[in-house]
Each structure stands twice: as structure tokens, then as C-alpha cells.
Amino acid sequence: AAEPWCLCGVDVAAPRSTNLDSLKQTLTNKEWAFVNGDDKRFRALWACKEAFTKARGDGLGFPFADAEFTLTYQGDASFEATVAVDGATLPDW
């Protein structure tokens, strides 16, 4: 859903085994190092990228590797995310 004053994108990543190597091109080098073979970390980044591009109205048309997410975990199940596009941090996201 999108409104001029409020953008919202949602994605849910189901727990399952993922062939991470086949999706490496969707991550930045920093994100790939963060994932380090961990499916849970990959799914969290993927969900962020999907939700971000859906909120923008781009969906899969946006090159995922152009958006770099930094995740700060708050316990085991929640995290805070920040995003940069083409190296520029987007503080309002």
C-alpha cells in the first residue's frame, strides 16, 4: 500500500533451506559477509529488500543489490534495519 505521506511494504520469509549461492547477486558484499551462510540472516535481508521495493512500487523491478540493509538484532527474533541505496543512507526508511 502506498500513500503520499506513508509508505508500507510487507514481506514474509518462510523458514526453509535456501540455495544461497544462487542468490548472491541480490546482496551487496557487506550483506553477503553478514549472511555468512546463515539462512535466517539471508531471509531477514531478503524480506527487507522485498518490503522496501514493494513500498516504493518497484517490486522485483528494482535491482536488489542496489539497496544495502544493515540489521541490528534486538534479541533472537527481532531486528532494526537501516537502508542505503547506491551508498546513500535513507534516514526516513
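Tutor: Contact means that heavy atoms lie within 4.5 Å. This is a predicted model, in which local features need pLDDT of at least 70 and side-chain atom pairs count only at pLDDT 80 or more, while totals for chains, interfaces and linings use all residues. Residues are numbered from 1 along each chain as its sequence is written, and side-chain values use heavy atoms, with hydrogens and water left out.

Leaving aside neighbours within four places in sequence, Thr26 is in contact with Glu31, Phe42, Trp46, Lys49, Phe64 and Ala65. Thr26 belongs to the loop between β2 (6-7) and α1 (29-35); helices (H or I, at least four residues) and strands (E, at least two) are DSSP runs numbered from the N terminus. With a relative accessible area of 11%, Thr26 is buried, a class that means under 20% relative accessible area, whereas exposed means over 50% and partly exposed in between (1.4 Å probe, protein chains only). A polar atom of the Thr26 side chain lies 2.6 Å from the backbone oxygen of Leu23.

The structure holds three salt bridges. Another is formed by the side chains of Glu50 and Lys54, at 3.8 Å from N to O. Both of these residues lie in helix α2, four residues apart, about one turn of the helix. Here Glu50 is buried at 12% relative accessible area, whereas Lys54 is partly exposed at 39%. Arg56 forms a salt bridge with Asp58, and their closest N and O atoms are 2.5 Å apart. Arg56 is partly exposed, at 39%, and so is Asp58, at 31%.

Rings of Phe, Tyr and Trp (its six-membered ring) pair if their centres lie within 6.5 Å; planes under 30 degrees apart count as stacked, over 60 as edge-to-face and the rest as tilted. By this rule there are seven aromatic pairs. One of them joins Phe34 and Tyr73, whose ring centres are 6.4 Å apart and whose planes stand at 20°, so this pair is stacked. Because Phe34 lies in helix α1 and Tyr73 in strand β3 (residues 67-73), the pair ties together parts that are 39 residues apart in sequence. Phe34 is partly exposed at 21% relative accessibility, as is Tyr73 at 28%.

Helix α2 contributes to a further ring pair. The rings of Phe52 and Trp93 have centres 4.8 Å apart and planes at 75°, so the pair is edge-to-face. Distant parts of the chain are linked here too: Phe52 is in helix α2 and Trp93 in the segment after β5 (88-89), 41 residues apart. Phe52 is buried at 4%, whereas Trp93 is partly exposed at 40%. Ring pairs join Phe52, Phe62, Phe69 and Trp93 into a cluster.

Strand β3 also holds Leu71, which is buried at 10% relative accessible area. The C-alpha atoms of Leu71 and Glu31 are separated by 9.3 Å, although these residues are 40 residues apart along the chain. Apart from neighbours within four places in sequence, Leu71 is in contact with Phe34, Ala44, Leu45, Cys48, Phe79, Glu80 and Ala81.

These details belong to a chain with two helices and five strands, in the order β-β-α-α-β-β-β from the N terminus. Of its 93 residues, 30% count as buried. Among contacts between residues at least 6 apart in sequence, 41% join residues at least 24 apart.

Note on methods: A polar contact is a pair of N or O atoms within 3.5 Å; within protein, one must be able to donate a hydrogen and the other to accept it, and residues adjacent in sequence count only if both atoms are side-chain atoms. A salt bridge is a side-chain nitrogen of Lys or Arg within 4 Å of a carboxyl oxygen of Asp or Glu.
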